[in-house]
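Open the model in your viewer and keep the sequence panel beside it. The stops below are given in the order in which to select them.

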Amino acid sequence: MIRLALPDEGLRARLAARLPDAVLEVRTPAQLAGAPEAFDLLVLPYLGPASAVAGLAGSGIRLVQAQTLGYDGIAAHLPDGITFCNAVGVHEASTAELVLALVLAAQRGIPAAVRDAAAGSWRHERRPGLAGRRVLLVGVGGVGREVQRRLEPFDVELVLAGRTARPGVLGADDLLGALPGADIVVVAVPLGPETTGLVDARFLAAMKPGALLVNVARGPVVDTDALVEAVRAGRVRAALDVTDPEPLPPGHPLWELPGVLITPHLGGDTAAMDARIDDVIVEQVRRLAAGEPPANAVLGPALLA
């Protein structure tokens, strides 16, 4: 019988009907260390700290399932012998949906219109819009592919950039050269040593004057100080779902700078998430019961003995 440690009662209740032969209990990672019961699978809370997995040494847990697509910071805390899986197929569509919302809101001046409406002010201004704009999409993984699908019907010129050059995709060495021609730059890369600080002062200086930077990756992909300086100088605009630091503290200059739109890291968090993460967990349980390798293993042993 497969035993699952789950982060909350809501998830346990949803899975009960789909996994009638499994043991489902609400447990935190800290409660598993030294516990008399042996659990086969731990599901982490959504957006919990990476350090949560540090206490799993000696817990008997062999498989950890995240509810997030990103897994930055986990490797530094994950005990040896534990397989860590990310949530592929859960957040990509919702994050791409937010990219489209941020781009349209910024390009059509929606934040300014909301502020004017609150003040009872009718102020008509021409905005750049989206049709006919050149969009540089940096990152062509799962999220990037979904962003591409949603942008293509909007009459844009879409330029793709990834780690390595291939037909239809620019490589990392081509990125700086592509920036001056882009009206909108969407960043959707995983966070790692190669992408930390990717959007630095040099990157921002190469962007087209007045261009929009959209970050739905992770906050540290962008050098925050460099971004503040570039926005303050009027060189670029920004739409950010992630920031560094995060949460962005009260009084931070990004809150007050004109031309900056901020959402509180809600890219993947929509009503669609529950059913999709449930499907991921049910599939992992099926694989455990069948003795098959887990899906989407990104850290630790890929095969479970």
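## Stop 1: a strand residue and its contact

Start with Asn 215, which sits in strand β9; strands (E, at least two residues) and helices (H or I, at least four) are DSSP runs, numbered from the N terminus. The model is a predicted one, in which local features need pLDDT of at least 70, side-chain atom pairs count only at pLDDT 80 or more, and totals for chains, interfaces and linings use all residues. Residues are numbered from 1 along each chain as its sequence is written, and side-chain values use heavy atoms, with hydrogens and water left out.

Asn 215 is buried, because its relative accessibility is 1%. Buried means under 20% relative accessible area, exposed over 50%, and partly exposed in between (1.4 Å probe, protein chains only). Show the side chain of Asn 215: one of its polar atoms lies 3.3 Å from the backbone oxygen of Arg 218. A polar contact is a pair of N or O atoms within 3.5 Å; within protein, one must be able to donate a hydrogen and the other to accept it, and residues adjacent in sequence count only if both atoms are side-chain atoms.

## Stop 2: from Arg 218 to Asp 72

Which residue forms a salt bridge with Arg 218? Select Asp 72: the closest N and O atoms of this pair are 3.2 Å apart. A salt bridge here is a side-chain nitrogen of Lys or Arg within 4 Å of a carboxyl oxygen of Asp or Glu. Asp 72 lies in the loop between β4 (63-65) and β5 (83-85), and Arg 218 in the loop between β9 (211-215) and α8 (224-232), so the pair ties together parts that are 146 residues apart in sequence. Arg 218 is buried at 19% relative accessible area, while Asp 72 is partly exposed at 33%.

## Stop 3

Across the whole structure, a search finds 19 salt bridges. One of them is between the side chains of Arg 14 and Asp 278, at 2.8 Å from N to O. This pair links distant parts of the chain: Arg 14 is in helix α1 (residues 9-16) and Asp 278 in helix α10 (residues 273-290), 264 residues apart. Colour the two by accessibility: Arg 14 is partly exposed at 30%, and Asp 278 is buried at 6%.

Next select Glu 125 and Arg 123, whose side chains meet in a salt bridge of 2.5 Å, N to O. Glu 125 is partly exposed at 39% relative accessibility, and Arg 123 is partly exposed at 40%.

## Stop 4

Go to Asp 40, in the loop between α2 (29-32) and β3 (41-43). Asp 40 is buried yet has no salt bridge. How far away is the nearest side chain of opposite charge? That side chain belongs to Arg 62 and is 4.5 Å away. A polar atom of the Asp 40 side chain does lie 2.8 Å from the backbone nitrogen of Arg 3.

## Stop 5: the loop between β10 and α9

Select Glu 246, in the loop between β10 (236-240) and α9 (253-256). Glu 246 is partly exposed, with a relative accessible area of 41%. Look at the peptide bonds here: a cis bond joins Glu 246 and Pro 247, with omega about 0°, and another joins Asp 244 and Pro 245, with omega about 10°.

## Stop 6: two positive phi values

Finish with the backbone. Leu 47, in the loop between β3 and β4, has a positive phi of about 60° although it is not a glycine. Leu 47 is partly exposed, at 42% relative accessibility. Asn 296, in the loop between α10 and β12 (297-299), has a phi near 60°, a positive value in a residue other than glycine. Asn 296 is partly exposed, with a relative accessible area of 31%.

Definitions and conventions: Lys, Arg positive; Asp, Glu negative; His and termini not counted.
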